[in-house]
Amino acid sequence: MKREIDYPVTEEQAGLRLEQFLRRLGYSRKCLALLKQTEGGVLVEGKPRYLNQKVSAGEKVSVCIREQESSEKILPVRLPLDIVYEDEDLIVVNKAAGMPTHPSMKNYDNSLANALAWYYRERGEPFVFRCTNRLDRDTSGLTVVAKHILSSCILASMAVKKEVTREYLAIVRGKMEPPEGVIDAPLSRKPGSILERQVDFAGGERAVTCYRVAGEGNGHSLVALKLLTGRTHQIRVHLKYLGWPLVGDYLYNPDMEYIGRQALHSRRLAFRHPVTGKDMEFTAPLPEDMRRVLEPGG
């Protein structure tokens with residue numbers, strides 16, 4: 001994979017050291033270190049320049065990212081793959097419920113990473129799996145995967161700065177009250193468990209979730225949620241803490257009467273494109289198994 005990107009130097013950027021110029025565009029120190037090791041990785045007006053040298057207005061800074069290696073430990077497997085969007089820098093996928101994001105000992109060949117490894121091998125392109133918003137195995141919906149080190153670094157930085165909007169849909173049993181609010185409750189790992197999390201006001205990390213009831217049906221409430229932080233199992237634990245646990249959640253509320261997996265769907269992703277700066281927004285419809293829960297006799 002070869003990605004070439006040109007940046008014109010503006011009057012406001014004139015006088016910055018080349019390193020400062022690139023850092024302000026989102027380049028991490030790790031990314032800059034890799035570019036320094038790449039022949040022709042960073043050029044100014046077509047010529048090499050040290051990162052501590054200054055740039056001038058009107059000059060063109062060119063970055064070239066070359067990646068030829070693939071993730072050796074990810075087995076390419078032909079699996080269903082719902083691609084919502086793809087360009088040179090990223091790919092957005094509507095992940096199915098039941099598909100892990102990453103391979104593991106018990107899920108060696110059925111993950112999103114396996115599916116993408118097959119997809120890129122068939123196209124003759126190298127593949128390194130860099131998922132920037134990991135979803136639980138049984139959570140369906142949108143996730144974004146970076147296609148090279150630069151987009152990965154910038155998207156990760158944007159997530160830390162809360163510049164990535166993530167909205168989910170969830171289903172709980174009953175008429176949820178109050179119908180909207182903010183859950184601000186810190187989370188930590190539950191003692192004795194490698195999976196479960198808990199609300200922990202003494203030693204947990206801050207976690208904030210905004211919610212509102214978006215619909216009702218068949219004795220259940222459809223809840224729209226927006227994450228302001230990104231803790232493991234945040235929505236699942238927060239809704240249980242509030243007294244409205246997700247239906248179908250084997251770990252926190254094994255209520256499997258209407259659905260066999262946690263009723264949670266990543267509905268919307270919005271962010272600024274890591275390379276072009278263009279505003280991006282994607283949505284994925286409520287999956288059929290969750291829709292049935294809300295239908296009479298579902």
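This is a predicted model: local features need pLDDT of at least 70, side-chain atom pairs count only at pLDDT 80 or more; totals for chains, interfaces and linings use all residues.
The largest nonpolar core takes in 36 residues, and Leu18, Leu22, Tyr27, Val61, Leu150 and Phe271 make the most contacts inside it. A separate core of 16 residues lies apart from it, with Ala185, Tyr211, Val223 and Leu246 among its members.

As for H4 itself, its length checks out: twelve residues at 1.5 Å each should span 16 Å, and the end C-alpha atoms sit 17 Å apart, which agrees. Its buried residues are Ile149, Leu150, Ser151, Ser152, Cys153, Ile154, Leu155 and Met158. These pack against helix H2 (29–36) and a set of strands, namely S1 (2–8), S4 (60–66), S7 (130–131), S8 (140–146) and S15 (264–272). After H4 comes Lys162, with a positive phi near 60 degrees.

Then there is Arg166, which belongs to strand S9 (residues 165–173). Arg166 is buried but has no salt bridge, since the nearest side chain of opposite charge, Asp136, is 10 Å off. What Arg166 does have is a polar side-chain atom 3.5 Å from the backbone oxygen of Thr229. Leaving out residues up to four places away in sequence, Arg166 touches Asn133, Leu225, Lys226, Leu227, Thr229, Gly230, Arg268 and Leu269.

Notes. Residues are numbered from 1 along each chain as its sequence is written. Side-chain values use heavy atoms; hydrogens and water are left out. Helices (H or I, at least four residues) and strands (E, at least two) are DSSP runs, numbered from the N terminus. Buried means under 20% relative accessible area, exposed over 50%, partly exposed in between (1.4 Å probe, protein chains only). Lys and Arg count as positive and Asp and Glu as negative; His and the chain ends are not counted. A salt bridge is a side-chain nitrogen of Lys or Arg within 4 Å of a carboxyl oxygen of Asp or Glu. A polar contact is a pair of N or O atoms within 3.5 Å; within protein, one must be able to donate a hydrogen and the other to accept it, and residues adjacent in sequence count only if both atoms are side-chain atoms. Contact means heavy atoms within 4.5 Å. A nonpolar core is a set of buried Ala, Val, Leu, Ile, Met, Phe, Trp, Tyr and Cys residues joined through side-chain atoms within 4.5 Å. The expected span of a helix is 1.5 Å times one less than its number of residues.
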